[in-house]
Structure formats: structure tokens, C-alpha cells
Number of protein chains: 6
Amino acid sequence: MKMSPRNRFAGTITQLKKGAVMAQVTVDIGGGNTVTSAIFVDSAEDLGLKTGDKVLAVIKSTDVMIFKE
Amino acid sequence: MKMSPRNRFAGTITQLKKGAVMAQVTVDIGGGNTVTSAIFVDSAEDLGLKTGDKVLAVIKSTDVMIFKE
Amino acid sequence: MKMSPRNRFAGTITQLKKGAVMAQVTVDIGGGNTVTSAIFVDSAEDLGLKTGDKVLAVIKSTDVMIFKE
Amino acid sequence: MKMSPRNRFAGTITQLKKGAVMAQVTVDIGGGNTVTSAIFVDSAEDLGLKTGDKVLAVIKSTDVMIFKE
Amino acid sequence: MKMSPRNRFAGTITQLKKGAVMAQVTVDIGGGNTVTSAIFVDSAEDLGLKTGDKVLAVIKSTDVMIFKE
Amino acid sequence: MKMSPRNRFAGTITQLKKGAVMAQVTVDIGGGNTVTSAIFVDSAEDLGLKTGDKVLAVIKSTDVMIFKE
């Protein structure tokens, strides 16, 4: 399945924190970088997410900001 | 200045493409990963962005999705 | 590939409009509903999008607002 | 009141789940499609949302992604 | 029509810039603050937007970031 | 640090509500306007946020919608 979002980072889940409705997922994508995602607890459970899973973190370009010193 | 977005990737601009209103910025963040951002041309010019610049690509966690095979 | 976004609408592209950087894609998802998307022209071309294509329009729940009379 | 977001789906609330801060709202928009939204519990209570309510699910085009086999 | 987004700012359009697909709208909301929006040119034309118009700038809370010195 | 997001509102935190994963931050930005933000509890704690703090509420233009009577 090809997708329009250009930001796709393969990595491994290193932390998973669940609230009543929202979950916080942390993914190590290598190069010293980690990505943190906020998704529904339902979605985390649908995907059967757990620490150590190989996943893809996906981000639409319109959601990326640029900062410069 | 501390910021709430948890996803902050330091990198170098490798491509900058400008339309009439929007600009497409590609940033090499190391580890084999690049980040692409859509911002206003005005913003790109306010920051004086150009290929080779050291920048920070910043993304709010609520904008990050997770995919799993 | 399973995905965390819960909003996935199968449909057919009915219109595709390209600017210098951004493209506007309209998808008929049935039930009298159409979905409009703003993506990079590069992404539209990577996916080889054209009118009549069968696609999936995907939306993260944190981007959906509710209105009530 | 006219609005810039082009994606407006009329439907009926079929599920409402509340956490401490966030709420998950599911709306049947017909044609076999449902839309899920993450909003503040405060917002759900301001609008007096409950199962069976007629509502509008609204989404900005820049938040819609396209996938193609 | 009641809406879930909690950030609603009444103001006056002070600038409107149109590209092929996207438009940049600047709104003076008082208190020394202006809000800039990126919407489709089609949406700007559907709403008949022009400088001097009284409008509402609306933002979902999940899209607001916090910075602190 | 210069930033691409054009919407930056200086203000004072008037309310802070924490759930298990998400926090709701309300900021008075003057001119009769307040901004509400949804961020991770972890982020609120990293920034040491508390009522009375001077902060900046930052919003990307692609997340701003326009409404007109």
C-alpha cells in the first residue's frame, strides 16, 4: 500500500503508556532519534502494540515545523 | 526556550522547493532518515532558509501515527 | 499493514488539481459523501494518482471536530 | 455560518467514551462509514453530546492522507 | 451551531494571498495579535473572503503547542 | 531560535488540568482571548508548567480554519 505522507520512520517501540482514552507511544528510529506518538488506547490495542514491536511512525508534512538558530 | 512538542530532530536542509504560497523543505536528520515539511514561503523567507542550513524539525505527538505489519 | 488512524474511507478520485507545491484531491466515498485532501504534488506523483483511481482517505481522530445545532 | 474546512459529514453519534481529559466520539455518517473524533471532555460536555445526537464531523483537508494499493 | 474546537477568535481579515491551490489569510484578532491561516483557494472563494471581512479563526486544542523560557 | 509557525501568542497560564496521559492548558493572551492546548502530561511536567506562568502558545497556519457569517 503506497501512502501520501512522506515522513515514514521504521523503528522499535521502547515505551507504551496508556490512559483512559489516549496512549503515549515512544519509538526508537535510530541515529539517536526517538519519535513520540499520541494515539487512542483502542488503536494501540487493535494493533496489539507492545514494547519491542517493529513499527512505522508516519507523519504528514503539513504537520512538520522548522526552527533555526 | 523549552517547548511542549516532544519530537525535535536536528538536521541539515538538503532541498527547498517554493510555490506561490507553500514551500517544501527536506531535512536530513541522520540515521538514514529525512523529514519533509510544508510551510509558508513567507516563513521560509523569514527564517532565511537555504540548502545546507542547520535546523530543527519539530512535530507534535498528536500528529504522529503508528503502522505495524 | 495495520494502522493507528481509525478513519479510513475507501473511494474513487473524482478530481485532482495541482499547484506548484500542493495538490487538491477529491475522493467520492459513497453515501453522498466526498473527502478533500491537500497533499504535496510530489506525493500525488509518487502514488501516480489520477481521476478514477481507487484509494483510501485516512484521517487521524485528533484532527476531527464535532459540531452540533 | 460558512466554514473553510471542506470535509463536513452529517451523522449520528453511536458511541461516546470519556477519560479524565479526552473523549472519543464515534459518528455513523452513512454509506457504511463511521468517523471517530478525539476532543476534550469539556468540549463534549459544552455541546451536551450523547449517543443518538445528530452532529457534523468536520475535518480540514490538510489533515487528510491518501493511500493507494 | 455549537462546535468542539475551543479556540475561536473573532477578527478582521487584513491580508489575503492566493497561490494555485493554497491561500494565506491573515486576521487581526485584537490585543495586538494576528492569526495566519492556510486554506484552499477554493475555500477562500466559496466563503467570498476579502480584506476587511469579519471572520472567526478556529483552532483545535490538539494543534496548540506551549513554549516557556 | 526563529520558528516557521506564524501564530505565536504570549500569555499567562490561567488553568492546568491533568489526566493520565493528556493535559489541558488554558492561556490568557489578552484582548479578551484565551487559547486552550492539549499536550502530554509528560510535556507539561518537563516544562514545569503551573498557573501564572508566562508562556507562548504556538500554532501552525495549516491548522487554522476560517468561518464567516
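## Close-ups of charged and buried sites

**E:Arg6 pairs with D:Asp46 in a salt bridge.** E:Arg6 is partly exposed, at 23% relative accessible area. Partly exposed lies between buried, under 20%, and exposed, over 50% (1.4 Å probe, protein chains only). This is a predicted model: local features require pLDDT of at least 70 and side-chain atom pairs pLDDT 80 or more, while totals for chains, interfaces and linings use all residues. Residues are numbered from 1 along each chain as written, chains are lettered from A and ligands numbered from 1 in the order written, and side-chain values use heavy atoms, without hydrogens or water. The N to O distance between E:Arg6 and D:Asp46 is 3.0 Å. The link crosses chains: E:Arg6 sits in the loop between strand 1 (2-3) and strand 2 (7-18) of chain E, and D:Asp46 in helix 1 (residues 41-46) of chain D. D:Asp46 is partly exposed too, at 45%. A salt bridge here is a side-chain nitrogen of Lys or Arg within 4 Å of a carboxyl oxygen of Asp or Glu. Helices (H or I, at least four residues) and strands (E, at least two) are DSSP runs, numbered from the N terminus.

**C:Lys17 reaches E:Asp42 in another salt bridge.** Their closest N and O atoms are 2.8 Å apart. This pair also spans two chains, from strand 2 (residues 7-18) of chain C to helix 1 (residues 41-46) of chain E. C:Lys17 counts as partly exposed, at 25% relative accessibility. E:Asp42 counts as buried, at 18%.

**B:Lys18 and B:Glu45 form a salt bridge within chain B.** The N to O distance is 3.3 Å. The two residues are 27 residues apart, with B:Lys18 in strand 2 (residues 7-18) and B:Glu45 in helix 1 (residues 41-46). Both ends are partly exposed: B:Lys18 at 41%, B:Glu45 at 48%. Over all chains, the structure holds 30 salt bridges.

**A:Asp63 is buried without a salt bridge.** Which side chain of opposite charge is nearest to A:Asp63? It is F:Lys60, 6.5 Å away. Lys and Arg count as positive, Asp and Glu as negative; His and the chain ends are not counted. A:Asp63 lies in the loop between strand 5 (54-59) and strand 6 (64-68) of chain A. Beyond neighbours within four places in sequence, its contacts (heavy atoms within 4.5 Å) include B:Asp63, D:Asp63 and F:Asp63. A:Asp63 also contacts B:Val58, B:Ile59 and F:Lys60.

**D:Asn33 is buried in chain D.** Its relative accessible area is 9%. D:Asn33 belongs to strand 4 (residues 33-40). Its side chain reaches the backbone oxygen of C:Ile29 at 3.3 Å. Leaving aside neighbours within four places in sequence, D:Asn33 is in contact with C:Phe9, C:Ile29, D:Val27 and D:Asp28.

Along the sequence, the pattern reads β-β-β-β-α-β-β. The C-alpha trace spans about 35 × 25 × 25 Å along its principal axes. Of the 69 residues in chain A, 62% are buried. Among contacts with a separation of 6 or more, 43% join residues 24 or more positions apart.

Definitions and conventions
A polar contact is a pair of N or O atoms within 3.5 Å; within protein, one must be able to donate a hydrogen and the other to accept it, and residues adjacent in sequence count only if both atoms are side-chain atoms.
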